Every structure is written in structure tokens, then in C-alpha cells.
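Please look at the sequence and the structure together before reading on.

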Amino acid sequence: MQRKNERFVERLPLVLHRPWHAYLLAAALCLMALAMRSAAEIAMPVGYPFVSFFPAVILATFLFGVWPGVFAAVLCGFISWYFFIPPRMGFSFNPGVMLALGFYGVVVAVDIALIHMMQKANFDLAVERERSRVLAENRELLFHELQHRVSNNLQVVAAMLSLQRRHVDHDLARRALDDASARLALVGRISRALYNPSGEGQNISAFLTTLTADVMEASGRDDIAMTVEAPRGLILEPDVVVPLALIVTEAVNNAIEHGLPHRGGRIHVGLDVSEEGLALHVTDDGKGIASDFDHSGARSLGLRISNALASQLNGRFSLKPSAQGGAIAWLDLPARA
């Protein structure tokens, strides 16, 4: 309702199909004011000849503009002078009448001027609002195009690496190209998922659910149960969500490839929030890892990427055996000021 009212006010003064319609309606307002003043004659004390005519002038100016307002002011002045300023039913001249008419003229002139300035300011505001809307649409379009091009470029690079793999005979080099291609494609998908030209954050619960479902689909495994637990309604900024998504992806892929390579099982992704910050944990019930495993010195590219991304967020990443068997990947992020 408020938006509709704003749009109606922005259209004032009304532009009618024929200009003389505005003057005709202004005259109708003056006649209505005359009828109201005549009906109130019995209850009103002596005097107040202009009391019902001020609203008519204000409405005429407000709805139809300055010149219909001036027309209404002149017409209402003559009507009130003729019918309600003694001696009635005539146009008498005396100092009292001139003073009353002068007072009326000053008041309606101020009313018309104020309404005109208000509508001019309102018109300028509407023009600026429309300009801002167009700029916002252009910004969104440009942002979408940039995001689209970045994602496409990442996909193109990933495809080029896959093509290059066909000409490489060394198994280690081929696996490295496969890993690089998959990670670039992942970053491209995350960029598309995080697209929001307003810069607003991402609902992390829904995002992690979609992300882990994509990772499981890409792995081709249907014997692993994936669960995600995160506070509903928690919004994280894009500069946190992107590294977090990459760490989750690396941890889930690590659980699939190394924890559950030949059998089914369960993987659980959980995110806890406290006053100290965020705690992310990815747990599997696979074959686990050695108790003295040192993730910081691991040669795995995925673990090194996770450590680097955690440092980027001023956090700490760790990989350790789970008390229920399997392994658990932890990411602790400090609370932001």
C-alpha cells in the first residue's frame, strides 16, 4: 500500500487528457466548498467567509497543478466575497473587505507556492529514484555478466586441462591435471551458486546441503549416506563461504576416496556457532587414519589447500581419527569483530 501511495504522489499534479478538464474540476471543488459553507451557515458564528474555500484551493493545486490552483483561488475569492462578506450578495469596497481579501490572497498564495515547491521536489526525487533504479539494474546486469564470464572462463580452463590430459602419458601428471581440472570446475560452480549482485551473504545450511549433494553426485557413489547439520537462517559473507565451501569439498572428497574407497558408509557435515566463532567438522565412519598422523606435513594437495584456506580465514584446520572410528576434519574459525 505504501508503494502504491508513493507512486500516486509521484504522478502529481495529474495530467488529464484535456487541460480544460483540470479547470472544470477545480471549479467543481469551488462549488462543493460553496455548498459546504452554505450548509454550515446555521452552526457557524458570524465571519469566517473563507473557511471552506481554503481546502478547495489546496486540493485543486495539489491534484491539478499551479494554474488550476490559481484559478480555484480566484474563483473561491469572488464566491466568498459575493456570498459571505457583508454586505452580502454584492461586491462592496471598504477597508475591512480589502483587509479580508488581502489576508485570503496571502494565505492561498503561500499554500499554492508551498504545494508547487513540494511537487517539484517530489518530481525531482522521482526522477532520481528512477535513475537509481536504472543504475541498479545496469549494475546487476554487469555483475551477472562478469560473474557469468568468470565462471565460463574457469570452466574453459578446466576443459583445456582435461584436453591436455589426453596428451600426457605420465600417470602422476595425468592425476594432477585431473585434480586441477576438477578444482577449477568446482570454483566455477561455487561462483555461480554464490551469485548475488547485492553482495548479501549466503544461507549456509541450504548452501552446504546443495554443495555436498553435488559432490556426492560427481563422485558417482550411491552407497554413502550424506547428512548436513547447520543452524537454519545463518548467513555468511561470500568471502567466508567460498573458502569454507572449498574446504568442505576437499574434506568430503577425502572421506570418499580414502576413508570409504571400497564400501559404503556415512559422512556427516556439521557447523556449530558459538561466541568464539565457527566450528566445522566433517566426519566419516571409514577406515580412519593413524593416531600420529600429521596433517600439516602431509603431501596431499587437498590437505595443503585446506590448510592454506584456513590460514586465509585466520582459522585452524586439522585432520584426526574419530572416536567412533573413521576420521574427522575440523575447521575452527574465530568470530569476526
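The sections below treat a pair of packed helices and then the salt bridges.

**Helix packing**

The model described here is a predicted one. Helix α7, which covers residues 204-219, packs with helix α8, which covers residues 238-259. The angle between α7 and α8 is about 40°, and their axes are 10 Å apart. In passing α8, helix α7 makes a right-handed crossing.

On the side of α7, the residues that meet α8 are I204, F207, L208, L211, T212, V215, M216 and S219. Their counterparts in α8 are V241, L244, A245, V248, T249, V252, N253 and I256. Sorted by class, the contact of α7 with α8 contains twelve nonpolar residues and four polar residues, with no charged residues.

**Salt bridges**

Side chains of opposite charge can pair when their charged atoms come close. A search of the whole structure finds seven salt bridges.

| Salt bridge | Closest N and O atoms |
|---|---|
| R131 and E128 | 2.8 Å |
| D223 and R221 | 2.9 Å |
| D285 and R266 | 3.8 Å |

R131 and E128 both belong to helix α5, which spans residues 95-165. In that helix R131 and E128 are three residues apart, about one turn of the helix. R131 has a relative accessibility of 45% and therefore counts as partly exposed. E128 is also classed as partly exposed, because its relative accessible area is 38%.

The relative accessible area of D285 is 22%, so D285 is partly exposed. R266, at 55% relative accessibility, counts as exposed, because the class of exposed residues begins over 50%.

Salt bridges also occur as a network in this model, linking E130, R133 and E137.

**Summary**

Helices α7 and α8 pack at an angle of about 40°, through a contact with twelve nonpolar residues.

Conventions: Residues are numbered from 1 along each chain as its sequence is written. This is a predicted model: local features need pLDDT of at least 70, side-chain atom pairs count only at pLDDT 80 or more; totals for chains, interfaces and linings use all residues. Side-chain values use heavy atoms; hydrogens and water are left out. Axes are lines fitted to C-alpha atoms, for helices over the stretch in contact, and angles run from 0 to 180 degrees between N-to-C directions. Helices (H or I, at least four residues) and strands (E, at least two) are DSSP runs, numbered from the N terminus. A crossing is left-handed if the near helix is turned anticlockwise from the far one by less than a right angle, and right-handed if clockwise. Contact means heavy atoms within 4.5 Å. Ala, Val, Leu, Ile, Met, Phe, Trp, Tyr, Cys and Pro count as nonpolar, Asp, Glu, Lys and Arg as charged, and the others, Gly among them, as polar. A salt bridge is a side-chain nitrogen of Lys or Arg within 4 Å of a carboxyl oxygen of Asp or Glu. Buried means under 20% relative accessible area, exposed over 50%, partly exposed in between (1.4 Å probe, protein chains only).
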